[in-house]
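The structure is shown below.

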2 protein chains.
Amino acid sequence: MEKQSVTIYTVAREARVSMATVSRVVNGNPNVKPATRQKVMDVIKRLNYRPNAVARGLASKKTTTVGVIIPRITNPYFADLALGIDDIASMYKYNIILTNSDNDDDKVLKVVRNLLAKQVDGVIFMGYSMPDELRDELKSSNTPVVVAGSVIDDDELATVRIDYENAAKEATLKLLDNAKDHVAFVTGPLKYVINSDDKLSGYKAALAERHVDFDDQLVVETDGTYQSSYDQAKRLVEAGVKAAYVSNDNLAVGLLNGLTDNGVKVPDDFEIISSNDTTYTKISRPTISSITQPLYDIGAIAMRLLTKLMDGTDSATDEKDVILDHGFAQRQSTR
Amino acid sequence: MEKQSVTIYTVAREARVSMATVSRVVNGNPNVKPATRQKVMDVIKRLNYRPNAVARGLASKKTTTVGVIIPRITNPYFADLALGIDDIASMYKYNIILTNSDNDDDKVLKVVRNLLAKQVDGVIFMGYSMPDELRDELKSSNTPVVVAGSVIDDDELATVRIDYENAAKEATLKLLDNAKDHVAFVTGPLKYVINSDDKLSGYKAALAERHVDFDDQLVVETDGTYQSSYDQAKRLVEAGVKAAYVSNDNLAVGLLNGLTDNGVKVPDDFEIISSNDTTYTKISRPTISSITQPLYDIGAIAMRLLTKLMDGTDSATDEKDVILDHGFAQRQSTR
DNA sequence: TTTTTTGTTGAAAACGTTTGCCATTTTGGG
DNA sequence: CCCAAAATGGCAAACGTTTTCAACAAAAAA
């Protein structure tokens, strides 16, 4: 690859000033006489000079780049978050290095090491769990981190999310109140704290409040895929289950279609409430009632918070955990 | 931000060799005695040294980073492509700077300038059109570019895609052969060449082959959103249309739900074939028949092609345009 | 005038690598 | 053993910026 043709030095020579002055102009430093500034800007335009961000990064130790870890870009829940992240990032002139973790501990570790090598100014983490090794790596690197739309077992890390436990509780209560006794909880792997500590707890809290005994037969653990819950539909009905609170939209659609394809009428014979309010809940037929989350905002606020942390205005410390409001959308899968 | 603590120089000192040797070890250069290599590697491990990719990028003029332009990360079609891109990128140790273009000419131009400033080694472009200014910028920058899953009017740029025109023709033929006369074409904005030059042409070719007159009333141009085609459903039925080939899955689901919600039976009263075979076509009820595209592969191959171009083994020139096979998935929206 | 003060500019040292070139060592053939 | 060739390793110059510090000039105060 040939050498960059027009550098700050070229501009300096043409404009008969020093590199330092050109740098000042480029960076909007006010200590430059307007006439000089104009002269330099003219040359910049004429030569079509564009500063080399890599050199800049080396000299300034800031790359204006943040790393974003996402389990899978094709998962609408995380994609919605990512959209908010990207928008705010571009508003603040940051670039995003996005990588799929495939929810694989080894891969995520490799990925983060790579990001740190690239000297990202910050990291946004989305995912179901954070390996200890990764946590250590991040902490020792001193790079600001924000966890978005996820729950990981660590109270030092800044987080933006909703109150999953309460949301789950409210959803379960709704189902119980529609005079259903047998309300199931269909969830992804319980090894992830967001499922076990948050959503399952919320489900249990609702049962307790309505004095319904907890029956672990009604907790249906799946691998989180559409197909896995589709396959459970028949079994659930045969077991006499009349409603289910479902921990994510993939599973909810799978369950719904499984039921429908087996001739079960939703909501007449079975009610469903899902958790994430992504497109899936709106394009299915019947549409699916769901807890609503401000997904875009979670991403946006996470990125905003990260910019503060990166600026190092340490005041950010106090608002380390942001819990946004959730809601409920009544659709066709509940009465 | 404080100075990087352990640098190549630290390692060199500890291992009693020069920076150059450390660099050789790190980069797997063979000109180093195994004993020396081992000694250096031990120190690297002990000090937990990690090379600074920014400095490396400056010195070597390679950043092992590629820019990816995506209209919208939440669009399943492009997200599937992006997944393939990301997988292959990480296989080849490249990082991805991902940015939403929002399909906005100004924004995409700004974004690409930014990417070039960041010295990306290559660019993958997805989108509906490429502003002239952008094309010029890319060409003059001499950065390799691959267009993925998109059609833009330029025959110098490397492209990976399917034969949209033929696919559209085959789909339309199927609908015509099911004894339907009034087959509509529901499409996104016709100002985009993929819609007008490719898919519309395919639609017309099918009509011609069956000796059916083209009726421009049957070309329904929308803004490409779910809602826009949902809203057209009623009008289409009232106009006596019996089937539609639809240019993307968003529109297809919108149309389908619009029909269903108006009491029209699919496929009995109306048949639909869509274009992209994303999840949407599988989770809707009825499911939607669709042209199938190897979306993941398109992304993967695009990235693979880009690595070749970046390596500069100029042999890549001959296989500049990759057209992958498409297929057809018969589902519930056609008989 | 002379002295301060303020505002502009330039020189040069970082930043942490890679790499071309040269010097030194090692190796192996005779 | 000697010598040429091959293997190994060091030096120092890039790479293109930012940033500190000092110098200088102009304006303000004395």
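## Charges over rings

B:Lys174 lies over the face of B:Phe328, 4.2 Å from the ring centre. A charge is taken to sit over a ring if NZ of Lys or CZ of Arg is within 6 Å of the ring centre and within 35 degrees of the ring normal. In chain A, the charged end of A:Lys204 sits over the ring of A:Phe214, at 4.9 Å from its centre.

## Basis of the values

This is a predicted model, in which local features need pLDDT of at least 70, side-chain atom pairs count only at pLDDT 80 or more, and totals for chains, interfaces and linings use all residues. Residues are numbered from 1 along each chain as its sequence is written, chains are lettered from A and ligands numbered from 1 in the order in which they are written, and side-chain values use heavy atoms, with hydrogens and water left out.

## Aromatic pairs

Rings of Phe, Tyr and Trp (its six-membered ring) pair if their centres lie within 6.5 Å; planes under 30 degrees apart count as stacked, over 60 as edge-to-face and the rest as tilted. Over all chains, the count comes to 15 aromatic pairs. One of these, A:Tyr280 with B:Tyr280, is edge-to-face, at 6.4 Å centre to centre and 75 degrees between the planes.

B:Tyr77 and B:Phe78 are both buried. One aromatic cluster is formed by A:Tyr77, A:Phe78, A:Tyr128 and A:Tyr192.

Methods:
Buried < 20%, exposed > 50% of the residue type's maximum accessible area, 1.4 Å probe, protein only.
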